[in-house]
Amino acid sequence: MFVLLLASCGKWLDVTSKSEVDIDDMFDAAEGYYNSVTGVYVNMGDANLYGGYVALTALEPLTGQYTVSANNETRRKWAAYDYANDDSKEIIDDLWLTMYNNIFNANLVIDKLRREERDLFEEGVREIMLAEMLAMRAYMYFDLVRMFNEPYAVNAESNNVPWKTSWDATIGERYTSERLLAQLMEELAEAKSLLETRDPIVVPRKSTDPYVSYDRTKRMNYYAVCALRARIALYTGDYATAYDEATTVIASEKFRFITAPEIAETDSYGEELRSNRVFTPELVFALDNDRITASARTYYEGLSEDTVTSSNCYEAGDLRLNAWLAYNSMNRINLIKYKRSSLAADSYKYPKACTPMLKLSEMYLIAAESQSDVLANGTSYVNTLRRNRGISTALEALTPELLKYEYIRELYGEGQLFYLYKRLFSKVIWSYTDSRNPEPSTNLFVVPLPDSETENRE
């Protein structure tokens, strides 16, 4: 089902005439398109991507919020920003290769959808799938920029990420961050336009098509595209666009804050009856993904695994504290955001396993940060978030430091906090004793390219 155009060591492979015939056969019917589009989502959940590295196991240790297991020297070096050792290089290679393989799969599907002129689908379905693939490609490219390029505010001309929209054997051109992110915003604008009058989440429609009947919050729906545009616009300092897109998601009322009774329900003996630690009503886009559960169980939920250094950032009554963190028998704090029983008989207790990709709460924080040049004007958005998190005290006026802590509270276990520190070019908070926190630097924030990519540039 997938065309893999990259091999190990970053080599680009020729697509043979035989493989081109196989690809044509694959897209001979609507089912081939459905399978290929779904395959891009499935591959996004790979342990090297959003089922592990990007959402949790690689980026989370770089945030200073965890004590990395003493049993895992590889992860301890990685968490100390030692990107040069062989084990760290393997992480980088795997992440880079897997991400680009999936980008090329998306490129293939986009190319075929743009060329498709037969009546294979119900009206509007081709456009919905095309929009989703454009948006998924943009999502992946943006994360590559945030990992491998210098912080945008420091050097918008950084150009470590090749931009490639075809699925042939040519090597992509290395765009600057400024140029590449502008390109992503254009493609997301196209995706938004395609979805605005077709997406069932915006325009309710009766449909017999098996693809659009799928839960739209598990696809890059119209509001997910708006949310991603808000995220990119904030990163580039385009606050007007960031605010407009974030408030579009908020004003839609398609998503809501979870309530305390929905997070956890127990019987009189304290036995868990139901649990929703990923806060599904708030998810603008989530990736169905069992691997994130396995990654969390392996690296964050055991007695001797990575543990949270402190829960002090949470205030009294905060719903997130007990939902996401738990003291174990050694009085250490485990991240339990993805925790669920491994027994099949208990599956009814939980929503389907998923990786949060875009959330309502982030839109409130983006709206607060980008409302105007005066940060305090965004205070009401943060207070709305705080109130829905069970915090009784309201902020009088938002400041950069207060906003940073609101992000920290909200982003645990999703890989996004590293990007926050990098965007702000801020100290990483290892300790509440500020002098112990690492100063921002490109050595810390820029994940180096795989060796093969460096060799290719020489």
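The charged end of Arg219 sits over the ring of Tyr214, 4.3 Å from its centre. Arg219 also lies over the face of Tyr41, at 4.2 Å from the ring centre. Such a charge is counted if NZ of Lys or CZ of Arg is within 6 Å of the ring centre and within 35 degrees of the ring normal. The model is predicted, so local features need pLDDT of at least 70 and side-chain atom pairs pLDDT 80 or more, while totals for chains, interfaces and linings use all residues. Residues are numbered from 1 along each chain as its sequence is written, and side-chain values use heavy atoms, without hydrogens and water.

Aromatic pairs were examined next. Rings of Phe, Tyr and Trp (its six-membered ring) pair if their centres lie within 6.5 Å; planes under 30 degrees apart are stacked, over 60 edge-to-face, and the rest tilted. The count comes to 28 aromatic pairs. Phe279 and Trp324 form a tilted pair, with 5.1 Å centre to centre and 35° between the planes. Phe279 lies in the loop between β5 (272-275) and β6 (283-288) and Trp324 in helix α12 (residues 319-324), so the pair ties together parts 45 residues apart in sequence. Helices (H or I, at least four residues) and strands (E, at least two) are DSSP runs, numbered from the N terminus. Both Phe279 and Trp324 are buried. Buried means under 20% relative accessible area, exposed over 50%, and partly exposed in between (1.4 Å probe, protein chains only).

The rings of Phe425 and Phe445 have centres 5.9 Å apart and planes at 55°, so this pair is tilted. Phe425 is in the loop between α16 and α17, and Phe445 in helix α17, 20 residues apart. Phe425 counts as partly exposed at 29% relative accessibility. Phe445 counts as buried at 0%. Just after α16, Phe425 takes a positive phi of about 45°.

Helix α16 (residues 416-424) is mostly covered, with eight of its nine residues buried. Its buried residues pack against elements including α3 (53-57), α6 and α8 (222-236).

The largest nonpolar core has 145 residues, among which Phe148 and Met220 touch the most other members. Helix α6 (residues 125-148) gives the largest share of this core, 18 residues. A nonpolar core is a set of buried Ala, Val, Leu, Ile, Met, Phe, Trp, Tyr and Cys residues joined through side-chain atoms within 4.5 Å. Beyond four places in sequence, Phe148 is in contact (heavy atoms within 4.5 Å) with residues including Ile92, Trp96 and Lys422. Ring pairs also link Phe148 into a cluster with Trp96, Tyr100, Phe104, Tyr141, Trp163 and Tyr175.
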